[in-house]
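Please consider the structure shown here, together with its sequence.

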Amino acid sequence: MTTDPEIVSALKNIPWFAELKPEHLNRMVEAATLRNVHAGEELFKEGNKEDCFYFVVEGRVALDIFIPHRGKVRIYTAEPMDLIGWSATTPVIHSRTAGATVVQPGRLVAFNAEKIRQMCEEDHDFGYLFMRRIANIIAGRLMVTRLQLLDMFADPDSESSHA
Amino acid sequence: MHNKVLNINSSITLPKSEFDILLASLRELGYQTVGPRVRDESIVYVEVEKLDDLPHGYTSEQGPASFRLISGGHNRYFDAIPGAQSWKQFLFPPRAHIFSADKIERWTIQPNEEKPPRYALIGVRGCELAAIEIQDRAFLRTDFHDPVYRARRERLFILAVNCLHPAGTCFCASMETGPRVRGGYDLCLTELDDVFLVEIGSELGRDAVSRCQYESASGFVQSAAEKGLERAANEMGRTLLLDDLPSLLTDNLELEHWNEVAKRCLSCANCTQVCPTCFCWDAVDHTDLLARNTSRERVWDSCFNPQYSYVFGGTTRSNIKSRYRQWLTHKLGTWKEQYDTYGCTGCGRCITWCPEGIDLTEEVAALREEIKA
Amino acid sequence: MIATNIAPHYAGHEDRLLQPDWAEVVKVIQEAEGVSTFWLRFTDPEIQKRYHFAPGQFNMLYLPGYGEAAISMSSNPETMDRLLGHTIRHVGNVTKGITRLKVGDVVGIRGPFGNSWPMEEIKGRDVIIASGGIGLAPLRPAIYHILHNREKYGKVLLIYGARTPKDLLYPNEYETWRAAGIDVQITVDRADETWDGQVGVVPMLFYRFRIEAQKSAVLTCGPEIMIRFVIYEGLARRIPAERIYVSLERNMKCGQGSCGHCQIGSYFICKDGPVFRFDALEKYFNVEEY
């Protein structure tokens, strides 16, 4: 079991948590557990329906998508301060769109998504701050995905006679 | 015979019959005399040896996409406003061999060691002289001198001519480059019906006329020339307001009007070829099949050339709108920031020789209108 | 307005047109697929002695019969034996032709051209070097400069990414750089089975660090779209536009601000750049096809 002060000090490394009001932070910590993870540990599979999300405190977690004939394709890695499993925070719960595997050992803070959603419902001030954070995280993810899609380093068809 | 000592900045009158002696003196001094001649229903700049080689009695009627030479109606030699060619071909030749590189045992370079030509340009108008001075700023800088340009420019003799009868696409008055020639010449003449009024601009100019039979310029001749110039300044084919340039162009890169002109422009590059100030060039390499005897050539290029902006991955200006915009915003916009002068001298060639008749004075006015609206 | 750190500019060639000096290929290092570094030395030892460059400058490399290519120097300007390293991506006629050169062959050099990374101006600051793909090549001399003068700079973060792990340049140097006090963060767009490092694009790495905007400067070079997002992320973190330095690329022919090809707005990239302060470029940057 992990105690609250450990979780608090782990979260304080993440700027958003460091700026939260104490009452918000404490309520979030009540819905959290601290997990040590080792390399190779599978956090969740594609299709899982667990109702939690994780903030990475230390280590690295990779997201993979399985493509028939190609196998698991790594699409993203989450580093300290990043969030994994944001889909659990949105109103409609659906299954995980990617699998998460720990690549470098470390620590994660896992949050009970239902409790956090309830906090948002009861306290709209908190809800706004939380959803704004989620929106920023998703925006960043979208940017990464778009740039990966644009394949900015790829060789276009080369035309002749120029260096 | 004369008994006057010629001073620089003094004026003389030269009977038209003496002009051939002037040309002959120049050739004896080692110059190739080049000037306007009628050829193929247009006016080209080629070798001229006598006054009668010039477009005697011709006028050019010019408008958007239109050039007509009309013969008769007067007796003058320098009245026909020039055609597509400009003097830039003599200082900045369309093709210039720079060096050969050959591999015998090792690679060695043979730079082009041809003696640079000495040109005497006969009949340089105000807009054209201003254009030469603009190209001087591009090719002769403190950090870099173009050696091809410099060699020809150092050896250049300029016989300028004041325009008394501008043509339909002229707007040198707006650009303050004419019709009166402003400095920078060896000789400057104003053609009246019977005589040339000649202003001496340099020692070279003075030497060139020294064998001619001239008179001192009478007050009557000088005032006739003045009146002619004043009248000419009011007979311009077009005007271009400069007050809000360059920022009118450099700050308005996304106006709707750019799309409008893009529909008409063919990106044919005519305007850049006929323009006396356009200086873009390309380096072209030639080789034999074994890549042992190679050469480098410097050739004219144009920002309308689709490959002009090619980098690996594509061209940065792949559509006509962006290329036209580049040309105009450079010519009347960023050029000023680069060289402290506009890139346009109001000669009107780009208007006359554009197959679509695109008129940059109208384009600037249209952009101005769009902003006001 | 523009980065002002200008090194000696092509001394001795002020009035030579397109004429190179010959240099010998001393060694060739394959860096990644389609990318290699050619180490050159002028055949004339006087020229070799006189030649100096600053980080960020480039040469025009001349292959007789093919033409020229603008290639940034990627080597240390201050090393003792001073071979000139040129990391080249072999994608066009000239750069593919260069792959046929062997040790001992000669190639023409004109240069150095351009201005340089503002190593003086950013002294004392935290430096974020954000680069992708071949863009690390013109930044490597800046990294070497920092290594030589480490105490003159604050925190230094190198963010570097490539398409796949195989495309990463100079991987055997990352540990040396880390040991010298540079935080080296590597990422790839697409992983392969061997990769357990970060996956994600270069601009994403801005999210992963605490940046003190008022102390920081950014040096960036890479595909233009990556640059655009790096600038976006830098500005979003309130790093001022005048401390974001960008190295741009356009079609270059003369390298001397004469032929006109490399213009963007009133700047000639070969002469007023290739390194620019973003505040000088802002007005042109988002105009499509300018």
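The model is predicted, and the description should be read accordingly.

Chain B is divided into two domains: domain 1 covers 11-92 and 114-233, while domain 2 covers 247-280 and 301-372. The C-alpha centres of domain 1 and domain 2 of chain B are separated by 28 Å. In the contact of these domains, 28 residues of domain 1 of chain B meet 23 residues of domain 2 of chain B. On the side of domain 1 of chain B that touches domain 2 of chain B, at least two residues each are supplied by β5 (66-71), α3 (126-139) and α5 (172-175) of chain B. Of these elements, α3(B) provides the largest share, nine residues. Sorted by class, this side of domain 1 of chain B has 17 nonpolar, eight polar and three charged residues.

An open sheet of chain B comes next. Eight strands of chain B form this sheet, in the order β3-β2-β8-β9-β10-β11-β1-β12, and their pairing is mixed. The edge strands, each of which pairs on one side only, are β3 (42-47) and β12 (215-216) of chain B. Within the sheet, strand β2 (residues 32-39) of chain B pairs with strand β8 (residues 119-124) of chain B in the parallel sense, over three bridges. At one position of this pairing, B:T33 has B:A120 in β8(B) as its bridge partner. Helix α7 (residues 219-233) of chain B packs on the sheet and touches β1 (11-15), β10 (187-191) and β11 (195-200) of chain B. The direction of α7 of chain B makes about 90° with that of β11(B).

A pair of helices in chain B may be considered next. How do the axes of helix α9 (residues 257-264) of chain B and helix α11 (residues 320-339) of chain B cross? The two axes come within 8 Å and cross at roughly 105°. Because of this angle, α9(B) is roughly perpendicular to α11(B). The residues that meet are B:W258, B:N259, B:V261 and B:A262 in α9(B) and B:I320, B:K321, B:Y324 and B:R325 in α11(B). By class, the contact of α9(B) with α11(B) has five nonpolar, one polar and two charged residues.

Chain C also has two domains, domain 1 spanning 21-113 and domain 2 spanning 126-247. Their C-alpha centres lie 24 Å apart. To the contact, domain 1 of chain C gives 15 residues and domain 2 of chain C gives 15 residues. Two or more residues of the side of domain 1 of chain C that touches domain 2 of chain C come from each of β1 (21-32) and β5 (84-89) of chain C. The residues on this side of domain 1 of chain C divide into five nonpolar, six polar and four charged.

Several strands of chain C can be followed through their pairings. Is strand β7 (residues 126-132) of chain C largely enclosed or largely open? Six of the seven residues of β7(C) are buried, so this strand is largely enclosed by the rest of the structure. Strand β7(C) is joined to strand β11 (residues 216-221) of chain C by six bridges, and these strands run parallel. Here C:V127 has C:A217 in β11(C) as its bridge partner. Strand β7(C) also pairs with strand β8 (residues 156-162) of chain C, in the parallel sense and over six bridges. In that pairing, C:G132 stands opposite C:G161 in β8(C).

In β12(C), C:Y245 stands opposite C:L219. Strand β12 (residues 244-247) of chain C is covered on both faces: C:I244 and C:V246 on one side, and C:Y245 and C:S247 on the other, are all buried.

How values were computed
Residues are numbered from 1 along each chain as its sequence is written. Chains are lettered from A and ligands numbered from 1 in the order in which they are written. This is a predicted model: local features need pLDDT of at least 70, side-chain atom pairs count only at pLDDT 80 or more; totals for chains, interfaces and linings use all residues. Axes are lines fitted to C-alpha atoms, for helices over the stretch in contact, and angles run from 0 to 180 degrees between N-to-C directions. Helices (H or I, at least four residues) and strands (E, at least two) are DSSP runs, numbered from the N terminus. Angles under 35 degrees count as roughly parallel, over 145 as roughly antiparallel, 65 to 115 as roughly perpendicular and the rest as oblique. Two residues are in contact if their C-beta atoms, placed from the backbone, lie within 7 Å. Ala, Val, Leu, Ile, Met, Phe, Trp, Tyr, Cys and Pro count as nonpolar, Asp, Glu, Lys and Arg as charged, and the others, Gly among them, as polar. Domain bounds come from an automatic or database domain assignment. A residue is buried if 20 or more other C-beta atoms lie within 10 Å of its own, exposed if 12 or fewer, and partly exposed in between; C-beta atoms are placed from the backbone. Two strands pair if DSSP finds at least two bridges between them.
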